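The sequence and the structure are shown first, and the description follows.

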Amino acid sequence: MNVTILPILTDNYCYILESGGVIGIVDPGEAEPVIKYLEEKNLTPDVIFNTHHHGDHIAGNAQIMEKYTCGLVGPAAETQRIHNMTQTFSEGGALSFGDETFQVLETPGHTSGHICFFAPESKTLFCGDTLFSLGCGRLFEGTAEQMWNSLQKLMTLPEETKIYCGHEYTQVNGEFCLANDPENPELITRMEEVRVLRSEGKPTLPVTLDVEKKTNIFLRAQDVQDFARLRKLKDSA
Ligand code: ZN
Ligand code: FE
């Protein structure tokens, strides 16, 4: 699967996927830059993927679907808040996409209906606002326990899994990790890399699950209480 990273809005990432000639769009928070890219590359999208209902992930759906005949897949729990879905998925759902078959994981915490899409063939994960590089989503509609369980679920994926998340928050997230985990050598190395990438205007993604497990303070939490403490601390930082 080929993944193209499209920076949209202020700090969101929309992803354009290609596998076996099939084209997908993950979380189009706005339509214009997506349509511009598709036209430049002469691509016709087959399907839009939505991880959760927030506007910065779905606001481009309607305009893209007006222009192209494409499907819209998203969480079964969000039929009230994501309109015109052509197929909905819950935990364990499987979605064929070109040479890949996406597995759907329910990851409540940031929103109650949040899902992630994992492609085992290419070990690629689209995790919206559940897991960020060096951070995790805020708890808008869920408890710390739900988010902790969602992150634990993502941590069972293969170590080489490439993580594509919904936002470029890595540098700010990483400063929080460093302040609370200053002696972590892998974190120090990752942050050096992140600073270089950002100074060149490049994305810090994808990052592997292996690196995240060693550097992301939320994945390194001892237990759910420790996770909840860190999440609160970050919210008030
Ligand atoms: Zn969100
Ligand atoms: Fe978001």
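In this predicted model, helix H6 spans residues 185–199. Its 15 residues reach 21 Å from the first C-alpha to the last, close to the 21 Å expected at 1.5 Å a residue. Leu-187, Arg-190, Met-191 and Val-194 of H6 are buried. These residues lie on the same side of H6 because they cover an arc of only 100 degrees around the axis. In an α-helix there are 3.6 residues a turn, so residues three or four places apart point the same way. Among the elements that cover the buried residues of H6 are H5, S14 and helix H7 (209–215). The face turned away from the buried side of H6 carries Pro-185 and Ser-199, which are exposed.

**The metal sites**

The model holds a zinc ion (ligand 1) and an iron ion (ligand 2), which lie 3.1 Å apart and are bridged by Asp-129.

| Metal ion | Protein donors | Donor distances | Angles among the 4 donor atoms |
|---|---|---|---|
| zinc ion (ligand 1) | His-52 (NE2), His-54 (ND1), His-110 (NE2), Asp-129 (OD) | 2.2 to 2.3 Å | 85 to 171 degrees |

How is the arrangement around the zinc ion (ligand 1) classed, and why? The arrangement is irregular because the 4 donor atoms subtend angles of 85 to 171 degrees. Four donors count as tetrahedral if all angles lie between 85 and 135 degrees. Along the sequence, the donor residues of the zinc ion (ligand 1) follow the spacing H-x1-H-x55-H-x18-D. Two of these donors can be described by their accessibility. His-52 counts as buried because its relative accessibility is 0%. His-54, with a relative accessible area of 17%, is also buried, since the cut-off for buried is under 20%.

**The strands**

Strand S5 (residues 71–75) is mostly covered, with 5 of its 5 residues buried. S5 runs parallel to strand S4 (residues 47–49), to which 3 bridges join it. Within this pairing, Leu-72 in S5 is the bridge partner of Ile-48. S5 is also joined by 3 bridges to strand S6 (residues 87–89), and these two run parallel. Here Phe-89 in S6 is the bridge partner of Pro-75.

A separate description applies to an open sheet of 6 strands with mixed pairing, in the order S7-S8-S9-S10-S13-S14. Its edge strands, strand S7 (94–97) and strand S14 (207–208), each pair on one side only. Within this sheet, strand S8 (residues 100–106) and strand S9 (residues 115–119) run antiparallel and are joined by 4 bridges. Val-104 stands opposite Phe-117 in S9.

Definitions and conventions. Residues numbered from 1 in each chain as written. Chains lettered and ligands numbered in written order. Predicted model: local features only at pLDDT ≥ 70, side-chain atom pairs only at ≥ 80, totals over all residues. Heavy atoms only, no water. Donors = N, O, S within 2.8 Å, 3.2 Å for Na, K, Ca; no water. Tetrahedral: all angles 85-135°; square planar, octahedral: opposite > 155°, others 65-115°. Buried < 20%, exposed > 50% of the residue type's maximum accessible area, 1.4 Å probe, protein only. Pairing = 2+ DSSP bridges. Expected span 1.5 Å × (residues − 1). Arc of directions from axis to C-beta. Contact = heavy atoms within 4.5 Å.
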